[in-house]
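Welcome! Please take a moment with the sequence and the structure below, and then we can walk through some of what they show.

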There are 2 protein chains.
Amino acid sequence: MTKLARFLPILDWGRRYDRTTFSNDAVAAVIVTIMLVPQSLAYALLAGLPPEAGIYASIAPIVLYAIFGTSQALAVGPVAVVSLMTATAVGQVAEQGTAGYAAAALTLAFLSGAFLLALGALRLGWLANFLSHPVIAGFITASGVLIATSQLKHILGVQAGGHNLIEMVGSLIAHLGQVNAPTLVIGAGATAFLFWVRKGLKPLLLRAGLPPLAADILSKAGPVAAVAVTTAITALLDLGAAGVAIVGQVPQGLPPLTMPDFAPDLVAQLALPAVLISIIGFVESISVAQTLAAKRRQRIDPDQELIGLGAANLGAAFTGGYPVTGGFARSVVNFDAGAQTPAAGAFTAGGLLMASLFLTPLIHDLPKATLAATIIVAVLGLVDLSILRRTWRYSRADFAAVAATIALTLLAGVETGVASGVALSVALHLYKTARPHVAEVGLVPGTQHFRNVRRHKVETAPNLLTLRVDESLYFVNARFLEDMVLSRVGEGGAVSDVVLMMSAVNEIDFSALETLEELNRRLRDMGVRLHLSEVKGPVMDRLRRSHFLDELTGKVFLSQWDAWRELARPAQGGARAAR
Amino acid sequence: MTKLARFLPILDWGRRYDRTTFSNDAVAAVIVTIMLVPQSLAYALLAGLPPEAGIYASIAPIVLYAIFGTSQALAVGPVAVVSLMTATAVGQVAEQGTAGYAAAALTLAFLSGAFLLALGALRLGWLANFLSHPVIAGFITASGVLIATSQLKHILGVQAGGHNLIEMVGSLIAHLGQVNAPTLVIGAGATAFLFWVRKGLKPLLLRAGLPPLAADILSKAGPVAAVAVTTAITALLDLGAAGVAIVGQVPQGLPPLTMPDFAPDLVAQLALPAVLISIIGFVESISVAQTLAAKRRQRIDPDQELIGLGAANLGAAFTGGYPVTGGFARSVVNFDAGAQTPAAGAFTAGGLLMASLFLTPLIHDLPKATLAATIIVAVLGLVDLSILRRTWRYSRADFAAVAATIALTLLAGVETGVASGVALSVALHLYKTARPHVAEVGLVPGTQHFRNVRRHKVETAPNLLTLRVDESLYFVNARFLEDMVLSRVGEGGAVSDVVLMMSAVNEIDFSALETLEELNRRLRDMGVRLHLSEVKGPVMDRLRRSHFLDELTGKVFLSQWDAWRELARPAQGGARAAR
């Protein structure tokens with residue numbers, strides 16, 4: 001692979017493109033297109049944008065990702081969580097339905113794209129690792145609940161609002177008197193139908209003798225059926241006049257060329273949301289891409305993925321879209337339908353272009369309640385409260401991170417939720433590593449091995465205290481080691497030599513070095529010598545660059561056994577029982 | 001030691017108090033008192049408060065610390081860095097010289113005291129470990145430079161100002177035309193004298209045959225001599241009338257009972273500075289206390305120290321003082337002069353009480369320039385730029401933390417400097433641990449030991465990839481391990497089994513658990529089994545609480561040797577050379 005091909009993966013797979021690959025890709029593209037039309041309209045509604053924005057956001061981005069991305073099956077476009085985050089971020093700077101709102105969504109896509117490109121260029125993809133799994137799981141679950149709740153107003157046909165779960169529910173209850181009956185019938189009916197399609201249709205088709213793949217794909221077409229049927233009913237009965245909110249006039253034509261608004265105030269207000277959207281989107285996308293790649297023993301380059309997603313978002317910014325990322329549902333359908341190269345994505349874009357050119361007049365009477373039903377059924381799949389139970393069983397610290405992220409996302413919003421989750425995870429991690437694992441060890445009789453005195457029957461010598469340090473020493477935990485040694489020596493007894501066994505210490509930072517120097521001085525003041533044993537090569541190299549080894553009152557032993565032979569003066573009793 | 005004695009250490013040492021201890025403590029108290037009078041006046045000047053506030057801040061706090069603190073020799077009172085931080089914090093909410101300024105200083109002392117007590121009660125003393133040594137060293141050095149620069153205006157006798165180094169220097173240069181000649185003569189003379197006392201007097205006294213302790217103590221009395229001589233000259237020549245700024249009228253009497261201002265606005269503005277002052281003060285104090293305690297094989301209880309310092313600050317708040325902490329210079333003098341119990345501190349308080357009752361009329365004509373000289377000579381001892389060189393040699397990350405802390409403290413102020421230093425240290429640490437140390441290992445021929453293939457001549461088997469993980473796995477680094485395994489397996493070859501050797505893994509958090517599950521699934525999709533070996537007991541206990549072990553495609557081996565015997569199918573060539 002040449003260097004250029006690394007940054008333009010299309011040069012790699014494009015060269016090997018043939019007729020079989022083409023037909024596989026084309027079939028996948030048709031299936032994905034049918035699935036994407038209603039989904040794109042629905043997510044645009046969720047983002048507070050006109051429905052066509054969802055289609056536009058799927059066209060240029062999918063092509064750009066095909067050029068720059070490394071996944072063979074990832075499908076890029078609007079997704080639920082990013083749409084909600086867009087609505088939250090843009091809602092803070094503009095009113096829904098205004099031109100300023102759509103322009104701000106472009107700015108947000110541009111900033112996300114620029115940020116992702118910058119991370120990719122600087123090869124900083126690993127920063128996404130700061131989102132721990134409990135934080136992601138809690139955030140996605142809470143977002144699913146928020147999204148589903150936010151769509152209930154469309155099902156009920158009321159004008160409710162609210163920025164967090166409590167406000168939303170309160171507003172829905174306050175508006176219960178104004179429920180529009182036809183809307184509720186369509187909305188509830190579509191929701192029930194889609195749930196049935198999701199859970200019940202596929203087994204039915206399988207029993208009817210369809211091959212599994214066909215059954216799967218047919219059941220994915222449920223939203224299209226719901227859209228077609230409810231649009232037809234609404235048009236025939238003229239339910240728009242009866243108060244059913246419909247999509248209305250959708251422009252027919254190619255995606256427009258658009259220019260984001262670069263007003264400095266706007267950019268400043270959207271910068272932080274753009275960073276959060278980028279990171280959340282990147283984490284979601286890369287996890288889908290890696291899952292699919294592993295199934296074919298392929299590899300994903302996370303830094304190149306940043307470039308691909310960045311280009312996709314810039315594409316969205318200049319063609320009337322909004323922030324996009326690799327979506328789970330669409331990518332899995334693409335993969336299962338047999339897509340083999342990113343060209344399948346390009347063909348899907350072609351299909352959506354056709355839809356945008358010719359189909360938009362047909363969805364004039366599409367009820368918003370049907371789109372809301374599509375969203376609700378899709379996002380409830382994201383809600384996974386079992387994460388609470390699983391983390392509770394495994395580790396209280398991780399449970400705290402999940403619970404806090406869920407609670408804060410629901411009550412204080414998506415941005416606060418995810419930011420607090422990250423801060424809490426880092427704090428909990430530092431708390432856990434603040435006390436390094438340190439074991440007092442003794443000699444296993446008849447061997448040259450040293451084990452924990454609390455767990456094994458080992459020999460110790462009253463004049464010799466040997467501590468095995470099981471973690472790298474750094475500023476947060478070094479002092480704890482010092483306190484432990486000093487208090488153990490201060491307990492009295494006849495300790496004349498302390499050995500720190502450094503077999504598991506990979507690093508000693510400057511703070512820890514100074515703490516060791518201090519420990520050496522303080523032990524010297526107490527008349528006790530400090531020794532080290534089994535120091536790793538790189539750690540030793542670094543210690544040689546300081547004065548520590550000159551000042552050390554004791555020696556550095558290659559092995560703990562050497563230290564024992566030179567220093568231990570066993571008590572009369574011989575081996576001491578484990579305690 | 002009873003439980004009560006733990007919280008009231010005085011019950012412990014008070015019981016064993018006798019005549020010898022008393023005379024030792026009393027001698028130390030006399031010496032410390034002589035040193036503290038000018039120092040307290042000077043630090044009050046630095047904090048922007050009337051001179052008597054420095055004396056008051058030494059009386060009640062020293063007694064309260066004697067009751068609650070655990071160090072036998074620590075002397076509590078105003079110190080340079082905390083005085084500067086007080087001036088910065090209070091200067092943001094009130095004008096120097098107003099009643100509001102002094103009241104706000106009391107509020108700050110109260111908030112610091114309350115925060116320290118809360119930390120102590122919750123046993124959160126370890127939080128101070130988040131201040132890494134490079135951050136502390138950089139902060140103290142930069143503070144020393146800032147303090148010395150801020151005092152130059154008193155030496156020159158001009159009204160300069162400025163909130164950071166550049167502003168201060170600029171303002172001094174702008175005021176050079178207004179230098180007061182008599183002030184400059186006194187200030188420069190006192191500074192030169194004090195420097196000479198510090199560097200040259202002690203060797204001279206030693207050569208003259210004085211015992212080392214007496215020489216040391218006599219040279220500590222330099223500031224008193226400077227105060228006496230310059231005050232006498234100023235009074236005799238009536239230099240106050242010639243434009244030399246003097247201390248002026250100082251109230252004569254007991255420390256007043258004062259009430260801090262609890263206005264909610266003020267409390268909100270001073271809360272964060274109080275937290276920073278508390279932590280910086282605590283770190284300085286505990287480091288002095290531990291150094292002195294180690295010399296007598298005594299122990300300091302950090303959480304009880306928080307209680308002692310908290311009580312001292314509350315005392316300062318209600319008796320006309322300002323934030324205090326354990327000071328380096330005064331504590332060392334106290335220790336060297338023979339103080340054996342906290343009672344020495346109580347006697348020092350008595351001495352200062354006498355000074356406050358009887359000596360204040362004598363310092364009416366004390367030039368502020370003399371106090372400034374005292375401060376400059378004291379704080380230049382804090383400036384240690386060698387930390388830059390030492391960290392540069394030892395570790396670039398630590399150097400970055402020092403340099404950033406120094407630069408930000410000098411240019412953006414003490415609060416920004418220390419807060420950014422902490423944030424940067426945490427970020428650098430996480431960055432360093434983001435890539436866990438993982439080594440590919442092979443069998444050392446003829447043994448049961450496994451070592452790094454890059455460093456040793458070992459046997460490997462083409463079907464078996466063994467990786468030794470040298471760090472605990474957590475959310476930031478787990479994905480890196482996954483990427484590494486997948487890319488190593490994806491390189492091709494005939495790997496059928498991957499073994500993770502977990503001998504150095506002390507913890508696997510929930511994110512890392514899920515990453516291992518994901519790795520297991522992805523390897524399964526590639527037709528590769530995943531095994532573990534040498535898993536520690538506590539880690540294994542926790543894994544048993546998850547489904548990971550049920551889903552694991554391979555086995556958990558007790559030792560790597562067991563794994564090798566069962567899995568390895570060596571290539572025809574036998575042992576492979578180290579690569």
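Predicted model: local features only at pLDDT ≥ 70, side-chain atom pairs only at ≥ 80, totals over all residues.

## Salt bridges between the chains

Across the interface of chain B and chain A, the rule finds four salt bridges. One of the places to look is Arg390(B), whose side chain meets that of Glu514(A) in a salt bridge, at 3.1 Å from N to O.

Polar contacts can be counted here too: there are 24 residue pairs in polar contact between chain B and chain A, with both residues at pLDDT 80 or more.

## What builds the interface

Which helix of chain B gives the most to the side that touches chain A? That is helix 21, with eight residues. Several helices of chain B each supply at least two residues to this side, including helix 7 (133–156), helix 12 (264–295) and helix 22 (537–544).

In total, the contact takes 64 residues from chain B and 64 residues from chain A. The area buried between the two chains is about 6300 Å², and carbon and sulfur atoms give 54% of that.

## How the copies are related

Chain B can be laid on chain A by a turn of 180° and a shift of 0.0 Å along the axis, with an RMSD of 0.1 Å. This is the relation of a two-fold axis. In chain B, Ala504(B) has the C-alpha nearest the axis, 3.1 Å from it. Both copies use the same surface, since 100% of the contact residues of chain B recur in chain A.

## A nonpolar patch on chain A

Val229(A), Ile233(A), Leu236(A) and Leu237(A) make a nonpolar surface patch of about 420 Å². Val229(A) is found in helix 11 of chain A, which covers residues 222–236.

Notes
Residues numbered from 1 in each chain as written. Chains lettered and ligands numbered in written order. Heavy atoms only, no water. Patch = residues over 30% accessible without salt bridge, like charges linked within 9 Å, V, L, I, M, F, W, Y side chains within 5 Å. Areas by Shrake-Rupley, 256 points an atom, 1.4 Å probe, with all protein chains shown as cover. Helix = DSSP H or I, 4+ residues; strand = E, 2+ residues; numbered from the N terminus. Least-squares fit on C-alpha atoms with pLDDT ≥ 70 in both. Contact = heavy atoms within 4.5 Å. Buried area = accessible area lost by both parts, 1.4 Å probe. Polar contact = N/O pair within 3.5 Å; in protein donor to acceptor, adjacent residues only side chain to side chain.
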